[in-house]
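Here is a set of questions and answers for a first look at a structure. Read each answer with the model open beside you.

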2 protein chains.
Amino acid sequence: MILVADNLTITNPVVARAVDTMDPGPIRNLVVQCEEAGVDAIDINPGPLSKNPKEKMIFLMDAVQSVTKLPLFLDTTNHEALSAGLEIRRNPVVINGFSLEPAKLERILPLAKEYDVDIIGYLLTSTGCVPAREDDLVQIALDLYRELKKAGLDDTRLIIDPVVAPLIWQNGTAHNRQVLSVIRILPELLGFPVRTIAGISNLTSGPGPAGKKRLAEQSFMAMLAAAGLTFGLLNILRPELISSARMCSRLLNSDVFSWAE
Amino acid sequence: MILVADNLTITNPVVARAVDTMDPGPIRNLVVQCEEAGVDAIDINPGPLSKNPKEKMIFLMDAVQSVTKLPLFLDTTNHEALSAGLEIRRNPVVINGFSLEPAKLERILPLAKEYDVDIIGYLLTSTGCVPAREDDLVQIALDLYRELKKAGLDDTRLIIDPVVAPLIWQNGTAHNRQVLSVIRILPELLGFPVRTIAGISNLTSGPGPAGKKRLAEQSFMAMLAAAGLTFGLLNILRPELISSARMCSRLLNSDVFSWAE
């Protein structure tokens, strides 16, 4: 499992303040912290960017790229901000992401072709909702793939996010079992080794006791990893979660196991 | 996942001493502790019982059954001890277990028919070894099933143990990935919802750092649970492992999730 930090998000007050005051220092510090914690890539989530979207994305990209060469996941629904970020990319970049919503198909998906980069497709309905049944998830994956090909992109550009639901949602646990199942069948369904990503922190969003949240995240992450998940989007500054993720990778990928690693 | 305590084993010095001196007190205490910790069944592992096998098994069964009504897994290769234990059973009992080794087929498997109880079949070769390839595991499962039917037992009597390997074995991680895969395919392979059991403690046997061992057990247990494992055989007196197991069950089985449970 490749670890993607979800820490650089506008919901983090440190990030919000830095973006507001255009102060690159706290952004750089956070990125350095994430890299030291052993992350493989960084998700940049500046929120909806209702004011000065281009300027803010350029500020973020500059701040991040000044301290790391890691791949960056540009996580915004604002296509102007996305274009601006893609334009000044020096690091490998992934667009995060598109869905069957018409605005995303029209304005986000073409950017992956224009800039020749990977793009994440969400298993959401054309109205942006989490679908109710596993059959729907499967059909949406096929539809996303068809749209990707229509846009002139290679298979290898696609990464699928089946969208982990918060456990406190009414059908959260049932939906998440479908997520495990769909991750497992996607490569055969699409006919190539499609990559997948899941947001581990989504599982426990909302109120709840910290100890049980940690257990839920660690347990579900192991299940996702065993299902074949490629990228885990998670809080890289939670050492016990990262240790769990590393252990999962060793159980699932290593040929020779050693406790010393 | 149904939790089976592996604590009542002759490798536990408290148990060894109690069996040696025929003192039921420590055995009863241990069983009460296990039941208070929330176990669903108890494995009784008296070792090879080279001396006075019947007498020792009767002593253990009496001590255990005097304080619990939980199902008991009789975990010995000594068929005389097994018979003696089965003869005085009051609790539900499972024979643990048989394999394709000729002595097991001749002397252990028939006891399941004679006493009309469930029996565990190990995915081991006819020489008692862990097989090298996944194809072998599959073939052995089919062979065990055929032997079970030949012995006149119902499908529903069978529980399969694919035998988790210690991670420090040369091919331990590779074998354990096959274990996950075979647990997943067994119900379709045999054509009925066959139950499965795995020894979680096996994974980390041998020397190694306690913290990493715990992570490995929790991670692999979640993978086993997601693969569909029925029974987890584990150290019930390890609260964090039990909390993980309960969380896995809730993620995989609950319709409505609540942090309060």
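## Cavities, pockets and barrels

The second largest cavity is lined by A:Leu251, A:Leu252, B:Leu167, B:Thr173, B:Asn176, B:Arg177, B:Leu180 and B:Phe220. The model is a predicted one.

Q: Which helix gives the largest share of the lining of the second largest cavity?
A: Two helices each supply at least two residues of this lining: H10 (239-253) of chain A and H8 (172-190) of chain B. The largest share is four residues, and it comes from H8(B).

Q: How do the residues lining the second largest cavity divide by class, and what is the volume of this cavity?
A: The lining divides into five nonpolar residues, two polar and one charged. The volume of the second largest cavity is about 30 Å³.

Q: Which element gives the most to the lining of the largest cavity?
A: Residues of both chains line this cavity: A:Leu215, A:Gln218, A:Ser219, A:Ser244, B:Gln218, B:Ser219 and B:Ser244. Helix H9 (210-227) of chain A and helix H9 (210-227) of chain B each give two or more residues. With three residues, the most comes from H9(A).

Q: How many charged residues are in the lining of the largest cavity?
A: One residue of this lining is nonpolar and six are polar. The number of charged residues is none.

Q: What is the volume of the largest pocket?
A: The largest pocket has 32 lining residues, and those nearest its centre are B:Asn45, B:Asp75, B:Tyr122, B:Asn202 and B:Leu233. By class, the lining has ten nonpolar, six charged and 16 polar residues. The volume of the largest pocket is about 830 Å³.

Q: Which residues are closest to the centre of the second largest pocket?
A: The second largest pocket has a volume of about 640 Å³. Its lining has 28 residues, and the closest to the centre are A:Asn45, A:Asp75, A:Tyr122, A:Asp161 and A:Asn202.

Q: Which residue is the bridge partner of A:Val4 in S8(A)?
A: Chain A has a closed barrel of eight strands with parallel pairing, running S1-S2-S3-S4-S5-S6-S7-S8. Its neighbouring strands are turned by 25° against each other on average, direction ignored. Strand S1 (residues 2-5) and strand S8 (residues 231-234) of chain A run parallel, joined by four bridges. In S8(A), the partner of A:Val4 is A:Leu233.

Q: Which residue in S7(B) does B:Ile160 stand opposite?
A: Chain B also has a closed barrel of eight strands with parallel pairing. Strands S6 (residues 158-161) and S7 (residues 195-199) of chain B run parallel, joined by two bridges. In S7(B), B:Ile160 stands opposite B:Thr196.

Q: What pLDDT does chain A average?
A: The predictor gives the complex an ipTM of 0.93 and a pTM of 0.95. In chain A, 100% of the residues score at least 70. The average pLDDT of chain A is 96.

Methods: Residues numbered from 1 in each chain as written. Chains lettered and ligands numbered in written order. Predicted model: local features only at pLDDT ≥ 70, side-chain atom pairs only at ≥ 80, totals over all residues. Heavy atoms only, no water. 1 Å grid on protein atoms, 1.4 Å probe; cavity = no way out; pocket = protein on both sides within 12 Å on 5 of 7 lines; lining within 4 Å. Points joined across faces, edges and corners; volume = space filled by probe spheres on them. Nonpolar A, V, L, I, M, F, W, Y, C, P; charged D, E, K, R; others polar. Pairing = 2+ DSSP bridges. Axes fitted to C-alpha atoms, helices over the stretch in contact; angles between N-to-C directions. pLDDT = per-residue confidence, 0-100.
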